[in-house]
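Below is a short briefing on one protein model, arranged by topic. Please keep the sequence and the 3D view open while reading.

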Amino acid sequence: MSRKDKKLNNYMVLAEDFYHRGEYEKSLEFYRRAMNFGDEGEQEEILFEIADIHLLMENFIEAEGAYRSIVELNENSAGAYYGLALAAELGQGNATEIIANYKKAIELDPYYDRAYYYLAHRYLNQGDREAALDALEMCVELDSHDYVSYNDMGSIYENEKNFTMAEKYFRKSLAINPEYFRALYNMGVVCKARGDNDTAMMYYKRAREFSDFENIYLNMSALYIEEGDLNSALKILTEGIELNADSVNLYYNRSCVHARMQKLDRAMQDYKSAVALNKNVEIWASDDPDLKDVIEGVKDDNNKNT
């Protein structure tokens with residue numbers, strides 16, 4: 001091994017060691033030193049490592065810089081264009097450039113399924129559901145086991161209230177991964193929309209086995225409230241709060257349930273917790289009949305303490 005290769009190897013070992021210890025700045029330092037001893041191919045690999053660390057550190061501008069350096073070394077690097085799009089997306093960059101870079105990655109590598117996936121969601125953000133569906137179709141064409149993309153296709157149809165198509169894709173997702181909580185949750189939404197509360201509850205309970213997603217608890221509580229079972233609604237909301245301590249909606253809904261149960265003090269406490277998390281709650285609650293007495297009670301408390 002030449003002296004140059006030894007230097008490269010030593011710096012790479014040190015960089016990887018610091019990376020695994022979570023000391024990212026030191027890892028970057030040694031990756032940068034390694035750059036001086038690698039050929040173009042090795043430099044490209046090192047720059048990908050540098051970009052990944054910057055993404056972890058949420059240094060999105062620096063990550064973009066690393067990906068641009070890769071493009072300078074290799075203009076045909078699909079991964080670099082994908083990285084440029086991803087870094088810009090995470091850093092709230094220009095939407096047109098993000099789409100252009102995902103497309104460039106796909107142009108260079110037509111089998112780049114993740115580029116299709118994130119391109120689909122960028123199209124969705126712009127309201128172009130046809131382009132989003134086309135991109136997601138490519139995801140499942142490239143990977144027939146991509147249960148996430150099947151679920152996302154179903155979500156597009158569910159948002160349009162096309163429940164037949166939505167169910168078709170949710171079931172495709174669950175046929176691949178019966179434990180995927182989002183598809184289970186979404187099946188609950190479809191069943192509820194069709195008026196089948198019992199089956200909806202079954203799906204929500206199943207989804208809860210695999211996730212703490214707050215909307216599962218919100219939707220379960222809504223079904224219990226609809227049935228007049230306030231005790232069960234209170235119990236499920238409390239469970240949800242224990243797992244999602246910063247959920248404005250769970251505190252808000254539990255405040256409503258406590259108010260319906262004539263437990264004004266507890267309703268006020270939950271209302272205050274919701275407001276502490278998001279001041280906009282005061283606006284949302286102003287027209288909520290369940291919280292009329294709660295809001296008055298909080299105002300009285302505030303006046304007493306001033």
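With which residue does Lys279 form a salt bridge? Lys279 forms a salt bridge with Glu282, and their closest N and O atoms are 3.4 Å apart. A salt bridge here is a side-chain nitrogen of Lys or Arg within 4 Å of a carboxyl oxygen of Asp or Glu.

This is a predicted model, in which local features need pLDDT of at least 70 and side-chain atom pairs count only at pLDDT 80 or more, while totals for chains, interfaces and linings use all residues. Residues are numbered from 1 along each chain as its sequence is written, and side-chain values use heavy atoms, with hydrogens and water left out.

**Salt bridges**

- The structure holds 19 salt bridges.
- Side chains of opposite charge can pair when their charged atoms come close.
- Buried means under 20% relative accessible area, exposed means over 50%, and partly exposed lies in between (1.4 Å probe, protein chains only).
- Asp146 and Arg114 meet through their side chains in a salt bridge of 2.7 Å, N to O. Asp146 lies in the loop between helix H8 (129-142) and helix H9 (147-159), and Arg114 in helix H7 (residues 113-125), so the pair ties together parts that are 32 residues apart in sequence. Helices (H or I, at least four residues) are DSSP runs, numbered from the N terminus.
- Asp146 counts as buried, at 7% relative accessibility, whereas Arg114 is partly exposed, at 25%.
- Another salt bridge joins the side chains of Asp290 and Arg260 (3.2 Å, N to O). Asp290 is in the loop between helix H17 (281-285) and helix H18 (292-304) and Arg260 is in helix H15, so this pair ties together parts that are 30 residues apart in sequence.
- Asp290 is partly exposed at 26% relative accessibility, and Arg260 is partly exposed at 43%.
- A network of salt bridges links Asp17, Arg21, Glu23 and Lys26.

**Helix H7 against helix H9**

- The axes of H7 and H9 come within 12 Å and cross at roughly 15 degrees. Axes are lines fitted to C-alpha atoms, for helices over the stretch in contact, and angles run from 0 to 180 degrees between N-to-C directions.
- H7 and H9 are therefore roughly parallel to each other. Angles under 35 degrees count as roughly parallel, over 145 as roughly antiparallel, 65 to 115 as roughly perpendicular and the rest as oblique.
- The crossing of H7 and H9 is left-handed, a term used if the near helix is turned anticlockwise from the far one by less than a right angle.
- On the H7 side, the contact is made by Arg114, Tyr117, His121 and Leu124, and on the H9 side by Val148, Ser149, Asp152 and Ile156. Contact means heavy atoms within 4.5 Å.
- By class, the contact of H7 with H9 has four nonpolar, two polar and two charged residues. Ala, Val, Leu, Ile, Met, Phe, Trp, Tyr, Cys and Pro count as nonpolar, Asp, Glu, Lys and Arg as charged, and the others, Gly among them, as polar.

**Two residues of helix H9**

- Ser149 lies in helix H9 and is buried, with a relative accessible area of 0%.
- Leaving aside neighbours within four places in sequence, Ser149 is in contact with Arg114, Tyr117, Leu136, Cys139 and Val140.
- Tyr147 is also found in helix H9 and is partly exposed, at 27% relative accessibility.
- Not counting residues up to four places away in sequence, Tyr147 touches Ser173, Ile176, Asn177 and Tyr180.

**Helix H14 against helix H15**

- Helix H14 (residues 230-243) and helix H15 (residues 248-260) have axes that come within 10 Å and cross at roughly 155 degrees. That makes H14 roughly antiparallel to H15.
- The crossing of H14 and H15 is left-handed.
- Residues making the contact include Leu230, Leu234 and Ile241 of H14 and Tyr251, Val257 and Arg260 of H15.
- The residues of this contact between H14 and H15 divide into eight nonpolar, four polar and two charged.

**Positive phi in loops**

- Glu58 has a positive phi of about 60 degrees although it is not a glycine. Glu58 lies in the loop between helix H3 (40-56) and helix H4 (60-73) and is exposed, at 57% relative accessibility.
- Gln92, not a glycine, has a positive phi of about 60 degrees. Gln92 sits in the loop between helix H5 (78-90) and helix H6 (95-108) and is exposed, with a relative accessible area of 71%.
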